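Try each task before reading its solution.

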Amino acid sequence: MEQVSNKREIELRFRWKRLLNYGNVVKQMPFFLFLAGLAVVYIYNGHMADKLNRDIARTQRELKELEYEYKTVKGQVLFQSKQSELVKAVAPLGLKEMSAPPMVLSDSAR
């Protein structure tokens, strides 16, 4: 029984040595290079995905900031375009609000 297990161990070692000899390793080199290339592509793809996620997050933050700025400026423009605010804005220029309605000029030559 002990001799059979020793024989199996020897056969197993011999099989591994036969698989790992120089000729077989050289024969499998294109496959190993292919696997190494796949690993490089896989790592590169992961880095590109992370970079893309960071760019998307940055763009979303910028878009939110621009949206807030747009709403703020729009509110200021609406506030400043009210008649009472316009009167205050043009008062230093010496302009006053009209008290009489505008006169309509008609062409009497026709």
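## Exercise 1: a greasy patch

Phe32 is partly exposed, at a relative accessible area of 43% (buried means under 20%, exposed over 50%, partly exposed in between, with a 1.4 Å probe and protein chains only). A quick word on the ground rules: this is a predicted model, so local features need pLDDT of at least 70 and side-chain atom pairs count only at pLDDT 80 or more, while totals for chains, interfaces and linings use all residues. Residues are numbered from 1 along each chain as its sequence is written, and side-chain values use heavy atoms, with hydrogens and water left out.

**Task.** Find which residues make the nonpolar surface patch, and which helix gives the largest share.

**Solution.** 
1. List the patch members: Leu20, Val25, Met29, Phe31, Phe32, Leu33, Phe34, Leu35 and Leu38, making about 870 Å². To qualify, residues need over 30% relative accessible area and no salt bridge, with nonpolar side chains (Val, Leu, Ile, Met, Phe, Trp, Tyr) joined within 5 Å and like charges within 9 Å. Areas come from the Shrake-Rupley method with a 1.4 Å probe, and for residues only the protein chains shown count as cover.
2. Pick the main contributor: helix H3 (residues 29–80) supplies seven residues, the largest share.

## Exercise 2: the annotated stretch

**Task.** Work out how much of residues 25–44 is helix.

**Solution.** 
1. Check the record: an unreviewed UniProt entry lists residues 25–44 as "transmembrane region". Such annotations may be inferred rather than shown by experiment.
2. Look at the model: residues 25–44 are 95% helix and 0% strand, with end C-alpha atoms 27 Å apart.

## Exercise 3: charged pairs

**Task.** How many salt bridges are there, and which residues join into one network?

**Solution.** 
1. Apply the rule (a side-chain nitrogen of Lys or Arg within 4 Å of a carboxyl oxygen of Asp or Glu): the count is four.
2. Take Lys88 and Glu85, with their closest N and O atoms 3.6 Å apart. They lie three residues apart in helix H4 (residues 83–90), so about one helical turn separates them. Lys88 is exposed at 57%, whereas Glu85 is buried at 18%.
3. Spot the shared partners: salt bridges link Asp55, Arg58 and Glu62 into one network. Asp55 meets Arg58 at 3.1 Å, N to O, and Glu62 meets Arg58 at 3.7 Å.

Key: Helix = DSSP H or I, 4+ residues; strand = E, 2+ residues; numbered from the N terminus.
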